[in-house]
Amino acid sequence: MINNETFKAIGIVGKPLKQSLSPYLHNYWINKYDLSSYYLPLPIDNINNLKAALKKLNFLGLNITIPYKKSIINQLDSIDVGARKIEAVNTLICTNNKLKGFNTDIIGFKKGLLKKKWNKKRPVIIFGAGGAAEAILYFLNEEKIKDITVVNRTKKRAKELAKKYKNLSFTSNFNLDIKEAGLIVNTSSLGMIGYPELKIQLNKVNKETVVYDIVYNPVNTNLIGEAKKQKLKFVTGLDMFVEQARASFEIWFKIKPDINASLINNIKKKISKK
């Protein structure tokens with residue numbers, strides 16, 4: 001039974017939200033830990049009055065997704081160091097009528113990568129230059145990686161990132177030489193359901209290479225399929241999705257939720273039905 005005095009809603013704000021699996025995942029954890037809460041999808045057209053609405057509706061916090069990760073910042077009372085650096089927030093918490101923003105994409109990517117050993121002395125190749133790419137660049141900068149190439153079609157975004165991060169080079173050539181790479185990351189929408197595949201030949205890369213595709217719908221993208229074919233270490237977007245959600249949940253409830261094989265299999269089944 002819900003206690004109206006202690007009930008605190010959480011949810012996700014963005015548009016569109018049709019494909020989001022965040023409500024399933026967070027409500028699974030809410031039920032598991034018997035919390036007086038519920039996670040709601042909130043597809044809205046603008047966030048101009050979000051701060052006032054949150055306080056009136058007794059929300060504990062929110063996930064923020066496309067297209068509001070940057071525009072939400074001017075409504076926050078404070079912001080975590082990482083989120084401030086990359087100028088993007090995907091999680092916020094409301095305490096004492098104050099909103100604080102975080103970016104758990106950074107944590108999600110890191111946790112996924114820590115499951116594999118990778119050679120930090122080898123070059124890193126990143127496909128895409130959007131908000132997710134910047135979260136990853138922040139992490140790599142903290143790790144003091146000295147050779148990073150961002151592959152992106154437009155130069156404007158590349159120049160913006162070059163001003164903020166060291167050891168960065170750019171190219172619009174998607175057929176660049178990647179054989180010496182220690183880490184290859186796809187942060188673009190290529191490979192996602194409804195988008196063209198990211199077609200990269202991995203037959204000539206060194207066997208130390210770790211392949212990381214942050215796309216999780218489908219889980220087995222063309223890039224992950226190529227990594228399996230070449231017997232390379234790989235990390236799927238499902239790892240990052242679950243770990244960033246876990247970090248958000250811990251911010252809200254001070255509980256580090258369990259991730260088990262049954263939960264992952266259920267998420268995979270739901271992805272296949274979308």
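# Chatting through a predicted model

Tutor: Let's start in the sheet: β3 and β5 pair in the antiparallel sense, over 3 bridges. Keep in mind that this is a predicted model.

Student: OK. Which residue in β5 is the bridge partner of N63?

Tutor: That's T91.

Student: And how many bridges link β5 and β6?

Tutor: There are 5, and that pairing is antiparallel too. Within it, L92 stands opposite G101 of β6.

Student: Is β5 mostly covered or mostly open?

Tutor: Mostly covered, with 4 of its 5 residues buried.

Student: What happens at the turn between β5 and β6? Which residue of that hairpin takes a positive phi near 55 degrees?

Tutor: N96 does, in a hairpin that has 2 residues between its strands. N97 sits in the loop between β5 (91-95) and β6 (98-102) as well, and its phi is positive at about 65 degrees, although it is not a glycine.

Student: Got it. So is N97 buried, partly exposed or exposed?

Tutor: Its relative accessibility is 47%, so N97 counts as partly exposed.

Student: Where else does a residue other than glycine show a positive phi?

Tutor: At K231, where phi is near 60 degrees. You'll find K231 in the loop between α7 (222-229) and β12 (233-235), and it is exposed, with a relative accessible area of 74%.

Student: New topic: cis peptide bonds. Which residues does one join?

Tutor: One joins K15 and P16, with omega about 5 degrees. P16 is in the loop that runs between β1 (9-14) and α1 (22-32). Another cis bond joins I66 and P67, where omega is also about 5 degrees. For P67, look in the loop between β3 (59-64) and β4 (78-79).

Student: Let's do helices. How many residues of α4 are buried?

Tutor: 7 of the 10 residues in α4 (104-113) are buried, so count it as mostly covered. Among them are I106, F109 and L113.

Student: What caps the N-terminal end of α4?

Tutor: N103 does the capping: one of its side-chain oxygens lies 2.9 Å from the backbone nitrogen of D105.

Student: You mentioned F109. How many aromatic pairs turn up in the whole structure?

Tutor: A search finds 8. In one of them, the rings of F109 and F139 have centres 5.7 Å apart and planes at 65 degrees, so that pair is edge-to-face. F109 belongs to α4 and F139 to α5 (residues 131-142), so the pair ties together parts that are 30 residues apart in sequence.

Student: Are those two buried or exposed?

Tutor: Both F109 and F139 are buried. For a stacked pair, look at Y216 and F241: 4.5 Å centre to centre, with 20 degrees between the planes. Y216 lies in the loop between β11 (210-213) and α7, while F241 is in α8 (residues 237-253), so this pair links parts 25 residues apart in sequence. F241 counts as buried, at 5% relative accessibility.

Student: Which residues form an aromatic cluster?

Tutor: W29, Y33, F249 and F253 form one cluster together.

Student: And which charged residues sit over rings?

Tutor: K85 lies over the face of Y165, at 5.2 Å from the ring centre. The charged end of R153 sits over the ring of F174, 5.0 Å from its centre.

Student: Last one: α6. Which of its residues are buried?

Tutor: R157, A158 and L161 are. Looking down the axis of α6, the buried residues fall within an arc of 100 degrees, so they line one face of the helix.

Student: What's on the other side of α6?

Tutor: K155, K156, K159 and K163 are there, and they are exposed.

Student: So what covers the buried face?

Tutor: The cover over the buried residues of α6 includes α5 and β9 (168-171).

Student: How far is A158 from V211?

Tutor: Their C-alpha atoms are separated by 22 Å, and the two residues are 53 apart along the chain. As for A158 itself, its relative accessibility is 8%, so it counts as buried.

Notes. Residues numbered from 1 in each chain as written. Predicted model: local features only at pLDDT ≥ 70, side-chain atom pairs only at ≥ 80, totals over all residues. Heavy atoms only, no water. Buried < 20%, exposed > 50% of the residue type's maximum accessible area, 1.4 Å probe, protein only. Polar contact = N/O pair within 3.5 Å; in protein donor to acceptor, adjacent residues only side chain to side chain. Phe/Tyr/Trp six-rings, centres within 6.5 Å; stacked < 30°, edge-to-face > 60°. Lys NZ or Arg CZ within 6 Å of the ring centre and 35° of its normal. Arc of directions from axis to C-beta. Contact = heavy atoms within 4.5 Å. Pairing = 2+ DSSP bridges.
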